[in-house]
Amino acid sequence: MATDPRPDLVLTRLGAEARPLSEWLTTFHLATVVLDPYTNESSWVLPTARRILDALRGSDARVNFLVTADEDDTRAFVGPLADEFLVFSDPDRLAVKALGLETLPAFVFIRVDCTVPAAAEGWDPVAWRGVAEAISEVTAWRVPDIPAPTDPGAFHGTPALG
């Protein structure tokens with residue numbers, strides 16, 4: 001079950017200096033998809049995650065990927081998405097631990113006050129839609145279609161801590 005992270009949790013953006021979570025939340029909430037590039041399950045949901053985050057891009061939530069790998073493996077996994085989205089690298093899974101995640105992939109909504117009002121673990125379209133609805137309610141934005149016809153069937157996911 002997801003937990004509220006500490007404001008001093010450090011997130012490392014690809015190709016940039018690491019910063020505490022509180023600095024990423026000064027103006028916008030975070031709509032975060034957490035992926036493990038070493039599992040099939042995260043690769044199965046990557047196109048769906050891209051579609052969902054793209055639909056939320058204009059909201060008052062900073063859409064992003066958090067990938068449990070070093071910078072090189074993160075870049076290899078997300079490919080050109082690194083140029084389209086904010087991408088964080090979490091090789092030691094410190095952010096995953098701080099968020100209390102047990103299963104990946106995951107979709108997490110982090111408000112500017114460092115609370116997590118909604119999170120979904122594994123690929124459960126109904127739960128992911130609930131996270132999108134929470135984001136949309138807070139940001140007065142449209143809820144993306146979840147599931148879409150091209151999305152994979154529901155699956156449990158893999159252990160978040162490897």
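**Pocket, cavity and sheet**

Leu9, Val10, Leu11, Thr12, Asp70, Glu71, Ser89, Asp90, Pro91, Asp92, Leu94 and Ala95 line the largest pocket. Two elements give two or more residues to that lining: strand S1 (10-13) and helix H5 (94-98). S1 has the largest share, 3 residues. The volume of the largest pocket is about 160 Å³.

This is a predicted model, in which local features need pLDDT of at least 70 and side-chain atom pairs count only at pLDDT 80 or more, while totals for chains, interfaces and linings use all residues. Residues are numbered from 1 along each chain as its sequence is written, and side-chain values use heavy atoms, with hydrogens and water left out.

Now the terms. On a 1 Å grid over the protein atoms alone, a pocket is an open set of points with protein on both sides within 12 Å along at least five of seven lines; a cavity is a set where a 1.4 Å probe fits but cannot get out; lining residues have an atom within 4 Å of a point. Grid points are joined across faces, edges and corners, and a volume is the space filled by probe spheres set on the points. Helices (H or I, at least four residues) and strands (E, at least two) are DSSP runs, numbered from the N terminus.

A search of the whole structure finds 1 cavity of 30 Å³ or more. The largest cavity holds about 70 Å³ of space. Its lining is Leu9, Leu11, Leu21, Leu30, Thr32, Asn64, Leu66, Phe88, Ala95, Leu99 and Ile110. At least two lining residues come from each of S3 and S4.

Those strands belong to a sheet. The sheet is open, has 7 strands in the order S2-S1-S5-S4-S3-S7-S8, and its pairing is mixed. Strands S2 (19-20) and S8 (118-121) are at the edges with a single partner strand each, so one side of each has no neighbour in the sheet. Two strands pair if DSSP finds at least two bridges between them.

S3 (residues 29-35) pairs with S4 (residues 61-67) in the parallel sense, over 7 bridges. Valine 33 stands opposite phenylalanine 65 in S4. Leucine 35 stands opposite valine 67 in S4. From S3 the chain crosses through H2 to S4, a right-handed β-α-β crossover (with the strands pointing away from the viewer, the path from the first strand over the helix to the second runs clockwise). On its other pairing, S4 joins S5 (residues 86-89) in the parallel sense over 4 bridges. There, asparagine 64 stands opposite leucine 86.

S4 is mostly covered, with 6 of its 7 residues buried. Buried means under 20% relative accessible area, exposed over 50%, partly exposed in between (1.4 Å probe, protein chains only).

Helices lie across these strands. H2 (residues 40-56) lies across S3, S4 and strand S7 (106-110), at about 165° to S4. H6 (residues 125-139) lies across S3, S4, S7 and S8, at about 20° to S7. Axes are lines fitted to C-alpha atoms, for helices over the stretch in contact (heavy atoms within 4.5 Å), and angles run from 0 to 180 degrees between N-to-C directions.
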